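This report looks at how the chains of one model meet and at a few residues inside them. Please keep the sequence and the structure at hand while reading.

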Amino acid sequence: MSARPVDFPPPFDAAEFVAEPTDPADERIEVGVLIVGGGPAGLAAAIRLNQLLDEDPATRERLGEIPVAVVEKGRAPGAHLLSGAVVNPRAFRQLFPGMLSEDMPFRSRVEREGLYYLTSKRALRLPAPPTMWNHGNYVASISEIGRWLAERAEEGGAMIVPETAARTLLVSGGRVVGIRTGDRGRGRDGGELPNFEAGSDITARVTILAEGTQGHLTGVALDRFGMQSRPQVWALGVKEVWEVPNRFDRVVHTMGWPLRGGRKFREFGGSFIYPLGENMVALGMVVGLDYADASLSVHDLLQELKTHPLVRGILAGGKRVSWGAKTIPEGGFLALPDRFHFPGGMIVGDGAGLVNVPALKGIHYAMRSGMLAAETALEALQPGRTAWEPGALESYDSALKKSYVWKDLERVRNMRPAFQYGFTRGAMLAGAALNSFGKLPPRDLKLESDAQVPVFIGERSRTFPAADGQLTFDKLSSVYLSGNKTRDDAPSHIRIDRKVRREVAEAWVRMCPAQVYEIGGEASPAGNVVDVEVTASNCVQCGAITAKGGRLTPPEGGDGPEYRVM
Amino acid sequence: MPTLVYVEDHEGEPVKGSLGVLGKAADLGDDIAAVLLGSGVEPLAESVGAHGAKRVFIADDSALAAPLPQPRVDVLAKLVESEGFDTVLFGASVLAADIAAGLAARLDAGLNWDLVDLELRDGKLVGKRPELGDSVVAEVGWTSEPRLALIRSGTFEPSESGSSPEIVRVDVRLEDFSTKAVMVEQAHEESQGPSIEDADVIVAGGRGLGQAENFSLVEGLAKALGGAVAATRAVVDAGWYPYATQVGQTGKTVSPKLYIACGISGAIQHKVGMQGSGTIVAINKDPNAPIFEYSDLAVVGDVHEIVPKLTDLVQARRGS
Amino acid sequence: MKIAVCVKEVPDASAPKRLDPQTLRLDRSVAGALNEFDTHAIEAGLQLRDEGDEGEVVAVLMGPERAADSLRKALAIGADRAVHVSDEALAGSDLVATSKALAKAIERESADLVLFGQQAGDSDGAVLWAAVADRLRLPVISQAASLEAADGKVKVKRQTEYGYDVIEAPVPCVVAVSDAINEPRYPSLKGIMGAKKKPQDMLSLSDLGLSADEAGETGSRTEVYGLSDPPSRGDSQRIEDDGGSAAEKIVEYLSSHKLI
């Protein structure tokens with residue numbers, strides 16, 4: 001028996017998050033360019049704007065007291081950033097011409113690398129495909145990159161506003177004029193607590209949405225302006241950072257175990273193991289959310305992965321110091337929005353789906369897109385122009401299409417979709433695509449949204465290791481290690497249908513790395529429908545629920561994980 | 001090591017925590033003195049001597065009637081200097097903490113607080129202070145004399161072994177600023193039982209209780225033991241019990257002598273709020289409940305059957 | 001009313017805490033945040049300021065340069081001015097050295113009321129208020145669960161083990177507030193964005209009129225020798241309830257451990 005999450009849609013309507021400004025004019029906060037999201041894309045946009053404004057003081061003057069503002073929902077930039085990561089320094093070099101690599105926020109240069117096909121006991125070395133060659137790249141922590149970029153952005157004159165969630169897209173006369181921030185201090189039932197602080201309108205001449213994967217206002221804008229005709233698909237990554245006594249010297253990727261290759265399972269993904277400096281290792285399990293077995297849990301697959309002799313050896317004598325989870329948009333070229341701008345603004349970075357899955361790269365594309373958006377924004381701010389005239393922001397789309405971002409994504413466009421057909425078929429198709437530099441297959445493959453895939457309750461959980469507190473860990477203690485701080489008595493920020501088929505409920509319970517969902521009682525035993533209970537305060541805002549049939553909205557600003565070395 | 005122990009008094013009796021510290025001091029050395037500061041405190045001197053003080057200094061003055069810290073700092077500072085004490089010990093309390101810190105500033109003397117042990121090592125006094133939620137112990141010391149120490153409440157048990165002390169009356173001369181704070185109304189004993197922060201015994205309930213009504217089991221046991229009731233986040237979320245009783249990462253941190261966890265699985269979010277408890281007894285029907293990994297007594301069974309029986313037995317014992 | 005609120009930055013409450021193996025003190029290189037207990041003190045100060053006609057709340061923080069973020073948060077919440085006492089020589093200061101430096105900084109403000117939060121998330125600053133008050137020669141009241149100010153006096157409900165005392169003192173005085181006293185406000189967006197523009201003073205040791213040997217480890221009177229494992233809980237005992245004997249066994253256990 002199976003059921004599809006898409007048949008149980010959440011109580012969510014994007015229109016709820018679109019509104020006219022309501023604050024009286026003298027209470028509104030006016031900024032020049034508003035950037036929503038303090039990740040690599042948003043901060044690169046801010047830094048590029050600072051640079052351009054340095055050369056154009058007249059425009060800076062015209063933009064008023066706050067020419068560039070970045071709002072960030074985490075407690076500080078970096079707190080909600082999570083990635084592998086192996087970074088291509090190209091965008092850093094473009095943004096900071098002349099800067100030496102050793103001054104960039106990277107941990108170490110990639111020396112050696114290896115691709116392995118795992119079975120439960122063995123590790124078979126495979127030749128790495130060219131898309132995965134990392135010569136010249138660097139291992140880094142994206143949360144460190146975020147903090148570093150934020151410092152540069154502030155030095156250059158941008159204002160960073162942390163602990164601030166962007167809840168509503170302000171649209172007036174058909175154009176985006178800014179955002180409204182979220183309220184703080186509501187109680188569980190939505191009522192106002194004694195220290196209730198209402199959100200505020202921030203109006204801007206240009207709004208750049210840089211919210212990353214499953215960005216809230218990004219989703220709202222794509223819907224409001226009809227910008228996404230093809231479905232996007234996501235993967236869920238669960239990651240840990242360990243302190244280890246022995247230096248680990250290579251960048252490792254694995255495929256195969258613990259994922260199953262059978263077509264009915266649709267388990268696409270693998271793991272990464274990277275050295276983060278002398279004594280630290282970052283490792284994670286990344287699995288496409290179109291998997292079909294409801295009992296699959298990426299967190300538990302990561303725990304299982306650690307019991308493999310190869311991985312156990314790398315972590316021997318070590319101690320887990322961090323844990324986190326986040327989704328990655330995986331559709332690539334074939335899932336990009338129809339256009340990247342709307343009247344009054346643009347979408348950059350992961351939110352726009354600019355991730356190269358076969359190469360596992362997204363950070364430099366995010367930064368490059370941020371820079372291009374900044375350049376278009378500045379043009380639109382020249383005297384006599386606005387960001388909402390027809391065609392005003394078109395130059396962003398064309399710049400994007402001329403850049404290496406576009407070329408890279410186009411070349412590998414069919415590789416991820418190939419794996420819908422199971423591992424073996426997928427590998428063959430992907431191999432063909434690779435060797436033909438993207439000319440094969442002749443017709444682009446179609447993507448199906450993750451929530452449309454029927455899920456069945458299988459047996460995957462049978463081999464999940466019990467948490468031993470040394471090598472393997474349960475979800476709750478992992479949530480604790482993420483530094484998650486989300487107010488207990490806040491209203492739930494997660495929208496789901498609370499009565500769903502058991503298969504769907506089971507899928508949510510297992511999928512969520514933070515143990516947010518639990519099956520309550522039987523709602524209707526005959527129809528195999530159960531109640532789903534939500535402990536929203538566990539949520540680390542990975543975004544998986546949105547991919548699999550629910551909807552994540554941002555909780556109070558400042559809530560959520562506190563990633564330091566992710 | 002001429003040592004002075006501050007003995008707090010309340011309602012005509014020396015406070016147990018201070019007497020415990022006195023006993024420890026007597027273990028560490030011979031030259032132990034105690035000081036009583038208040039109004040009408042002289043009769044307590046015998047008991048203080050019986051608990052280990054060879055000499056008891058009495059500062060008895062109406063100006064010291066109210067339990068306020070600063071006048072006591074004035075008297076102690078002069079006493080420490082004139083008698084040459086090299087060590088001054090306090091059993092932690094709201095009052096004692098303020099006195100010890102004020103004295104540290106007055107004498108420019110080192111103060112280590114929240115100590116759970118003291119020992120002499122090669123003539124040096126070493127204190128032990130738990131850190132990081134009691135998961136590690138720091139060993140601390142002093143670089144000068146006098147050495148001041150605040151001992152965590154309830155660490156040492158009093159023991160009666162001493163004899164009649166020598167009584168020395170001390171003059172009370174106070175600074176102007178020390179008498180500016182005035183007690184308008186003094187607290188009297190709470191009638192509803194201790195708050196969870198102060199309680200020596202806490203009985204906590206979790207989701208394993210099944211429903212809100214079953215919290216009466218927890219309340220019954222707490223009452224029988226003279227303790228306070230606490231709750232887990234899950235239970236507070238569900239509205240069974242108020243947030244003020246929540247123990248854990250997003251609630252209160254408690255360290256009673258005895259913590260009885262009923263129907264609590266014990267995830268880390270709860271653990272960090274109570275792992276410093278002296279003795280942890282956990283009752284849960286799931287033999288693999290995480291709480292059993294850090295309890296002293298793990299009881300696998302049904303809380304609905306065990307707790308009422310336990311309450312009856314405790315009541316019978318205490319004759320209450 | 002001029003109110004000085006002493007705040008500090010502590011390792012973020014939700015970040016796993018570690019001890020620095022070198023200094024054996026709390027590793028402060030991890031995420032820092034404004035001590036949550038201090039937000040109650042800031043709130044209390046803001047409420048008193050807003051009750052009166054003219055008033056000013058100054059946030060005073062002693063800490064490394066990095067702690068400026070926490071000071072900025074205090075300004076975002078509503079403090080009018082910030083004073084940052086920062087000097088390399090102050091690193092490693094214990095209660096004696098810290099209270100000395102802080103007292104000097106606060107003296108310059110001539111505040112009517114000096115507020116502290118009751119605890120620190122890192123337990124390093126506990127009991128600081130009484131030491132500072134002694135150096136300033138001002139009355140001190142701690143554990144304030146409520147705080148009123150009128151006619152040149154403050155009236156405090158102080159929470160003790162035995163219930164609530166009501167204590168009065170004339171200003172200027174020092175009060176340490178408990179977290180039961182109020183529900184701290186969130187910073188408004190305007191507050192967050194305007195914080196950087198509010199006046200901030202940076203004070204070094206010499207600005208305070210102190211010499212290097214009155215600060216840091218030299219100026220301290222306590223030290224940390226090392227770390228050890230806590231006394232192990234010892235072996236855990238396990239009881240299975242068969243036929244209802246568990247309750248008796250628990251009572252036996254408790255009484256043999258002198259717990260009842």
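A disulfide is counted here when two cysteine sulfur atoms lie within 2.5 Å of each other. The model is a predicted one, and a search of the whole structure finds zero disulfides over all chains.

**The contact between chain B and chain A**

The size of an interface is often given as the accessible area lost when the parts come together. For chain B and chain A the buried area is about 920 Å², and carbon and sulfur atoms give 41% of it. Eleven residues from chain B and eleven residues from chain A take part in the contact. Across this interface there are three salt bridges, and seven residue pairs are in polar contact, with both residues at pLDDT 80 or more. On the side of chain B that touches chain A, the elements giving two or more residues are α6 (233-237) and α7 (268-271) of chain B, and by class this side has four nonpolar, four polar and three charged residues.

**Salt bridges**

Over all chains, the structure holds 69 salt bridges. One of them pairs Arg233(B), in helix α6 of chain B, with Asp488(A), in the loop between α13 (475-481) and β24 (494-495) of chain A, so the pair joins two chains. Asp488(A) is buried, at a relative accessible area of 9%. The following table gives this pair with two others.

| Salt bridge | N to O distance |
|---|---|
| Arg233(B) and Asp488(A) | 3.7 Å |
| Arg207(B) and Glu518(A) | 3.1 Å |
| Arg158(C) and Asp165(C) | 3.2 Å |

The pair of Arg207(B) and Glu518(A) crosses between chains, running from the loop between β14 (201-205) and α5 (215-225) of chain B to strand β26 (residues 517-524) of chain A. Arg207(B) counts as partly exposed at 44% relative accessibility, and Glu518(A) counts as partly exposed at 24%. In chain C, by contrast, Arg158(C) and Asp165(C) are both buried. A network of salt bridges links Lys2(C), Glu56(C), Arg81(C), Glu109(C) and Asp201(C).

Which residues does the side chain of Glu240(A) meet in polar contact? Glu240(A), which is found in strand β16 (residues 234-243) of chain A, is buried at a relative accessible area of 0%. Its side chain makes a polar contact of 2.7 Å with the side chain of Lys306(A) and another of 3.2 Å with the side chain of Arg320(A). Not counting residues up to four places away in sequence, Glu240(A) also touches several others, including Val281(A), Leu283(A), Leu302(A), Trp323(A) and Met566(A).

In chain B, Ser178(B) lies in the loop between β12 (166-169) and β13 (182-185) and is buried, with a relative accessible area of 2%. Although Ser178(B) and Pro69(B) are 109 residues apart in sequence, their C-alpha atoms are 8.4 Å apart in space. Leaving aside neighbours within four places in sequence, Ser178(B) is in contact with Gln70(B), Pro71(B), Asp74(B) and Arg106(B), and a polar contact of 2.6 Å joins its side chain to that of Asp74(B).

Technical notes: Residues are numbered from 1 along each chain as its sequence is written. Chains are lettered from A and ligands numbered from 1 in the order in which they are written. This is a predicted model: local features need pLDDT of at least 70, side-chain atom pairs count only at pLDDT 80 or more; totals for chains, interfaces and linings use all residues. Side-chain values use heavy atoms; hydrogens and water are left out. Contact means heavy atoms within 4.5 Å. Buried area is the accessible area (1.4 Å probe) that two parts lose on being put together, summed over both. A salt bridge is a side-chain nitrogen of Lys or Arg within 4 Å of a carboxyl oxygen of Asp or Glu. A polar contact is a pair of N or O atoms within 3.5 Å; within protein, one must be able to donate a hydrogen and the other to accept it, and residues adjacent in sequence count only if both atoms are side-chain atoms. Helices (H or I, at least four residues) and strands (E, at least two) are DSSP runs, numbered from the N terminus. Ala, Val, Leu, Ile, Met, Phe, Trp, Tyr, Cys and Pro count as nonpolar, Asp, Glu, Lys and Arg as charged, and the others, Gly among them, as polar. Buried means under 20% relative accessible area, exposed over 50%, partly exposed in between (1.4 Å probe, protein chains only).
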